[in-house]
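Me: I have a structure here and would like to talk through how its parts get their labels. Could you take my questions one at a time?

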Amino acid sequence: MHKSTSTKNKVLRGVYEDNAGIPRTDFGKRRPSNPKQQHAKGHKAIVIVLLGLLSVFGINVRLTLDDSRGPVAMPAQNAISPSHLTNPLFISQEVWDGHLENDPTAITAPAYMPGNDIVTVGDYDAMLTGLDMPMADLFDLKIGTIVIDPGHGGIDPGAMGHQGLKEKDISLDIARKLQDKLTRTGRYRVLLTRDEDRKVYLKERVAFAKDNNADLFISIHANALPTEASSLNYVETYYFGPYSDKRTLEIAEKENHDSDYAIGDFRKIIAKIGDTMKTEESKDLANAIHRKLYSGLKSHNQDLTDAGSKTGPFVVLLGVEVPSVLVEVSCISNMAEETRLSKPEYRDDIADFLKTGILDYLDQREHRSPREGGQINYVFKQEK
Amino acid sequence: MLYIGIDLGTSRSVVSASNGNRKWVESYVGWPKDFVAKKMLGKRVLFGSEALEHRLALNLSRPLQNGVLKEGTEQDEAAVEELIGHLIELADVGTDSEICVAVGVPAEALKVNKIAIKNAISSHAKKLMVVSEPFSVAYGLGALDNTMIIDIGAGTVDFCIMHGTVPLEEDQRSILTAGDYIDEQLLRLLSEKHPEADFSLNMVRKYKEKHGFVGDPKRRVKIDAPVDGKFTEFDITEEMRRACESTMPAIVETVIDLIAGFDPEFQESVRKNIIIAGGGSQLSGLENYLTEATKQFEPCTFTCISDPLYAGADGALELATDMPEEFLEKL
């Protein structure tokens, strides 16, 4: 092929700029990006820039959170132009009043409002907790590695059906199928905490996720109910949090068995309970998976009970530092369900529903709009 | 000045130098586990097939597994440094020669590990640059405008649209269903169908490299594998086809998606200039398969390059040689 000298020179300059860390000026023939996305990125960027400015200048500044008056009606976007940033740390009254909407030189910024309750910048946890967008979106966090955790294994069979089917075998087979389906998308590295019939302590499962830089963690289990309730068939999905009913506590106790955590370890991980980002993402992931799993399985079994997507105190979910869910895909104690579970095609269907749920969640992350419930508004004030 | 082009791949790493030397080595680096191993092997560090052969006595690293250096893995970073040093040695540099090195790395590694890789090279060369593998292939072929390069490697398949400049992040894409994935699928399929036979990942990788194909088979694929210690012939045509084709849907989807994001005026030109490089381009029937598979969208024309092993290193060498002196001085 022929390359023109001017193109070649342009390319060589580009390689030099890339390697010398010089910002690129030539963008070739790309289509302009989606303006909506650009706008959203602008919002995120300006929040980060403002926070950065505050810390760089080392000035003691306060964030004022207005929750005393409830939601305050504001223009959808306010604007700050460079000329209004004579003091970049202070956003003037005219900005609050939304007078700059028509300024053509304006750059967009989220709305800020003065208020009464004061928190310091150092205590920005509060701001992040009340942010009107998921924290993972704010920092534009990507999902690269998905860890699937087949429950139990080896000498720990987990729950057992009346016909002898074991939870450890079901969870492993579904996990393998799910791994294959997700890997085929070509978008994610998908790993299993165990790929054979062996005992893995909960602590090892957590360490595996950490060592492999997991971005999502999905633990697969099958439920078993007492004999008197063996006619029931539940499907339920958990993310870490307090238990909502006694049955959840019993299930958590069962799944936490042999955690291999010492009290000292547990104290350290319990300190992570307030991890806002993990909780909000785990909840979204649990909801997406549960929706697909329940609606999919209902077509096989009209009597299936929807036990919902909810919080539960599962050690494995607490230890993992990324969005994580535990799915009870089925009730092995129900004889008809046990028969279905013994068939590879049914397990393949379950893996397919799980995959669709996970991909739905990942797709939602890419396209979701700010969370509902109104904006939490902040104001930056210079402290004397 | 000696110019050196290096293609640092997941599976193989290749060097091509302006003195005419061209060498390759499998991307394995191993350090003796203890003093006994060190004494037995008589070397501080081993590379490629020699490292694989003695893997039981070594701490073995395949540094760019999955196309990226794992964050915080010092052993992998050290392995890259050793591997670059070894490749420069293979290029047979005189002791007082000044050298300029251009290194092509998997696209994802360029995004994530650029600094770590530059640090690793800087202990061997002062004048250096790092680019993505598909870009170095494109440069070597002179395919700088309205062309898509697909580099099918072991850890990743890297896609890159060239449009007369160095590609931007949105011009590039990487997917993980690459050569290693085919090996895993083939091993699984063969183990399921012939549980009595002993297969290993290394064995199935060799079968794939020799017989890999997509689409209709030109001939039956027959291999010998041990059953209870005795070699037995197996027909693995169907398993080979299924394993190799398992990577195709993601490739087709990515091609269509990347082209759709390109300036509409130039999409047609790109569709007619899709070049496939990397070890995966050697799958028999690949051009026809992809051409057929994309027919349902807008027809695309795929061409596999003739020398996939050296194309990346040769392109990097050309880049190093062409780089103007005033730029080199500042790198």
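Me: Happy to start with a pair of residues. Which residue in β2(B) is the bridge partner of I6(B)?

Reply: V15(B) in β2(B) is the bridge partner of I6(B). Do keep in mind that this is a predicted model.

Me: What makes strand β1 (residues 2-8) of chain B and β2(B) count as paired strands?

Reply: Pairing asks for at least two bridges between two strands. Five bridges join β1(B) to β2(B), and the two run antiparallel, so by that cut-off they pair. The link between β1(B) and β2(B) is a hairpin through three residues.

Me: How do you know that strand β2 (residues 12-17) of chain B also pairs with strand β3 (residues 22-26) of chain B?

Reply: The same test works, with at least two bridges needed. β2(B) and β3(B) share five bridges in the antiparallel sense. Along the pair, V14(B) stands opposite W24(B), and S16(B) faces R22(B).

Me: What lies between β2(B) and β3(B)?

Reply: Four residues lie between them in a hairpin, and G20(B) in its turn has a positive phi of about 95 degrees.

Me: Why is β2(B) called largely enclosed?

Reply: A residue is buried if 20 or more other C-beta atoms lie within 10 Å of its own. Five of the six residues of β2(B) are buried, so the rest of the structure largely encloses this strand.

Me: What is the makeup of chain B in helices and strands?

Reply: Chain B has 13 helices and 15 strands. Among its contacts between residues at least 6 apart in sequence, 68% join residues at least 24 apart.

Me: Let us move to helix pairs. Why are α6(B) and α7(B) called roughly perpendicular?

Reply: The axes of helix α6 (residues 179-193) of chain B and helix α7 (residues 201-211) of chain B cross at roughly 110 degrees, coming within 9 Å. Angles of 65 to 115 degrees count as roughly perpendicular, and α6(B) and α7(B) are therefore described that way. I182(B), D183(B), L186(B), L187(B) and L190(B) of α6(B) meet L201(B), V204(B), R205(B), Y207(B) and K208(B) of α7(B). By class, this contact has seven nonpolar, no polar and three charged residues.

Me: Why are α3(B) and α4(B) called oblique?

Reply: The axes of helix α3 (residues 74-90) of chain B and helix α4 (residues 107-122) of chain B cross at roughly 40 degrees and come within 8 Å. Angles under 35 degrees count as roughly parallel, and roughly perpendicular begins at 65. The value of roughly 40 degrees lies between those limits, and the helices are therefore oblique to each other. Their crossing is right-handed. E77(B), V80(B), E81(B) and I84(B) of α3(B) make the contact with A116(B), I117(B), A120(B) and I121(B) of α4(B). The contact has six nonpolar, no polar and two charged residues.

Me: Now for chain A. What makes β6 and β9 of chain A edge strands?

Reply: The open sheet has six strands in the order β6-β5-β7-β10-β8-β9, with mixed pairing. β6 (189-192) and β9 (305-312) each have a single partner strand, so one side of each is left without a neighbour in the sheet. On average, neighbouring strands are turned by 20 degrees against each other, direction ignored.

Me: How do you know that β6(A) pairs with strand β5 (residues 145-150) of chain A?

Reply: Four bridges join β5(A) to β6(A), and the strands run parallel. With at least two bridges required, they pair. V147(A) has L191(A) in β6(A) as its bridge partner.

Note on methods. Residues numbered from 1 in each chain as written. Chains lettered and ligands numbered in written order. Predicted model: local features only at pLDDT ≥ 70, side-chain atom pairs only at ≥ 80, totals over all residues. Axes fitted to C-alpha atoms, helices over the stretch in contact; angles between N-to-C directions. Parallel < 35°, antiparallel > 145°, perpendicular 65-115°, else oblique. Contact = placed C-beta atoms within 7 Å. Nonpolar A, V, L, I, M, F, W, Y, C, P; charged D, E, K, R; others polar. Left-handed = near helix turned anticlockwise from the far one by under 90°. Buried ≥ 20, exposed ≤ 12 C-beta atoms within 10 Å, placed from the backbone.
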